[in-house]
Amino acid sequence: MTEFTERVIAIIKSVPAGKVVTYGQVAAMAGSPRGARQVVRVLHALSMKHGLPWHRVINAKGEIGFPDSESREIQMMSLESEGIEVRNGKIDLAVYQLQAENLAE
DNA sequence: AGCTTGACTGTGG
DNA sequence: ACCACAGCCAAGC
């Protein structure tokens with residue numbers, strides 16, 4: 001378990017309902033501005049084990065970046081239930097993206 | 001130790 | 001807005 005991974009877990013857990021973060025954003029806060037892919041790995045590998053709110057983590061385009069139709073529907077539904085407006089699978093980052101200053105460092 | 005892969009990102013056409 | 005290309009980093013073989 002790398003320090004990066006632990007940081008990612010802590011950050012994801014600190015994301016409040018009604019807000020989302022991008023992979024790159026989490027990576028940057030975890031100490032690796034270019035480590036978005038590692039965030040991805042941590043997410044799908046440890047989300048269940050740690051009970052992380054993976055549905056609040058999306059890509060820089062404001063979309064659910066994955067092809068699995070079933071899971072993405074679940075994610076979209078979870079987001080909407082938290083008050084996040086999802087239109088055509090896309091989220092308004094300008095409104096719903098969590099600001100770094102509000103997260104643990 | 002080397003190569004491949006991926007729920008990514010930014011830049012450019 | 002969409003597609004192609006190139007960087008990046010850790011895990012899996």
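**Close-up views of a predicted protein–DNA model**

Of the atoms of DNA strand B that lie within 4 Å of the protein, 44% belong to sugar or phosphate, and the rest belong to bases. The model shown in each of the views below is predicted.

**View 1. The protein surface near DNA strand B.** Around DNA strand B there are 15 residues, of which Tyr23, Arg37, Arg41, Ala60 and Phe66 come nearest. Sorted by class, this surface near DNA strand B comprises seven nonpolar, six polar and two charged residues. Helices α2 and α3, the latter spanning residues 36–50, each supply at least two residues of the surface, and α3 gives the most, with seven residues.

**View 2. Side-chain approaches to base nitrogens of DNA strand B.** A polar atom in the side chain of Tyr23 is placed 2.8 Å from a base nitrogen of DNA strand B.

**View 3. The protein surface near DNA strand C.** The residues around DNA strand C are Thr2, Arg34, Arg37, Gln38 and Arg41, and by class they divide into no nonpolar, two polar and three charged residues. Of the atoms of DNA strand C within 4 Å of the protein, 56% belong to sugar or phosphate, with the rest belonging to bases.

**View 4. Side-chain approaches to bases of DNA strand C.** The side chain of Arg41 has an N or O atom that is 2.7 Å from a base nitrogen of DNA strand C.

**View 5. The packing of helices α1 and α2.** The axes of α1 (residues 3–13) and α2 (residues 23–30) come within 9 Å and cross at roughly 120 degrees; the two helices are therefore oblique to each other, and their crossing is right-handed. On the α1 side, Phe4, Arg7, Val8, Ile11 and Ile12 take part in the contact, where they meet Val26, Ala27, Met29 and Ala30 of α2. Taken by class, the residues of this contact between α1 and α2 comprise eight nonpolar, no polar and one charged.

Note on methods: Residues are numbered from 1 along each chain as its sequence is written. Chains are lettered from A and ligands numbered from 1 in the order in which they are written. This is a predicted model: local features need pLDDT of at least 70, side-chain atom pairs count only at pLDDT 80 or more; totals for chains, interfaces and linings use all residues. Side-chain values use heavy atoms; hydrogens and water are left out. Axes are lines fitted to C-alpha atoms, for helices over the stretch in contact, and angles run from 0 to 180 degrees between N-to-C directions. Helices (H or I, at least four residues) and strands (E, at least two) are DSSP runs, numbered from the N terminus. Angles under 35 degrees count as roughly parallel, over 145 as roughly antiparallel, 65 to 115 as roughly perpendicular and the rest as oblique. A crossing is left-handed if the near helix is turned anticlockwise from the far one by less than a right angle, and right-handed if clockwise. Contact means heavy atoms within 4.5 Å. Ala, Val, Leu, Ile, Met, Phe, Trp, Tyr, Cys and Pro count as nonpolar, Asp, Glu, Lys and Arg as charged, and the others, Gly among them, as polar. A residue is near a molecule or strand if one of its heavy atoms lies within 4 Å of it. A polar contact is a pair of N or O atoms within 3.5 Å; within protein, one must be able to donate a hydrogen and the other to accept it, and residues adjacent in sequence count only if both atoms are side-chain atoms.
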